[in-house]
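Hello,

Here is the structure I promised to pass along. Have a look first, and then read on for what turned up when I went through its pockets.

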Amino acid sequence: MADKYKLIRNLGKGASCEVKLAKHLSNNETFAIKIFQKSNDEKLEELFLNEVSVMDTLKHKNVIKYIEYGTGDIVRTEDNVVKSEKRVNYIVLELAQQGDLFDVIARLDSFEESLAKYFFIQLMEGLEFCHN
């Protein structure tokens, strides 16, 4: 991973992974990368591969786009000296430029019913697609 993406900053953290803003080294495109600790636990590896499989099938305008997945190294450096290195599984996803829906709504003091309807319809279309 370190040879393909530069990790820029944290975007979020969940129970099983961290999400980082990353820049592709060859074309400077930005992505969100979900980073999972590499594990010897077969169940965790199976869950990771299951998420990849599901994400790969979800192609809809209201669902974040899956780009690729892999296993790689995260290298932490200080003054061009390697301080640590760890092996991880990762999933590269389209970056939601405005953040998630909660972030968008939180930035608004208030909004019209028509905007709420717009968000709700998008959310329901994406959710319906995921469940069909």
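A word on terms first: on a 1 Å grid over the protein atoms alone, a pocket is an open set of points where a 1.4 Å probe fits, with protein on both sides within 12 Å along at least five of seven lines, and its lining residues have an atom within 4 Å of a point. This is a predicted model, so local features need pLDDT of at least 70 and side-chain atom pairs count only at pLDDT 80 or more, while totals for chains, interfaces and linings use all residues. Numbering runs from 1 along each chain as its sequence is written, and side-chain values use heavy atoms, with hydrogens and water left out.

The largest pocket has 31 lining residues, and Ile64, Ala96, Gly99, Asp100 and Leu101 lie nearest its centre. Its volume is about 1,100 Å³ (the space filled by probe spheres set on the points, which are joined across faces, edges and corners). Strands E1 (5-13), E2 (18-24) and E3 (30-37) and helices H1 (42-57), H2 (101-107) and H3 (113-131) each give at least two residues to this lining, with H3 supplying the largest share, seven. (Helices, H or I with at least four residues, and strands, E with at least two, are DSSP runs numbered from the N terminus.)

The second largest pocket comes to about 250 Å³. Twelve residues line it, with Ala2, Leu7, Ile74, Val75 and Arg76 nearest its centre. Strand E4 (66-78) contributes to this lining, as do E1 and strand E5 (81-93), each with at least two residues; the largest share, four, is from E4.

Best wishes
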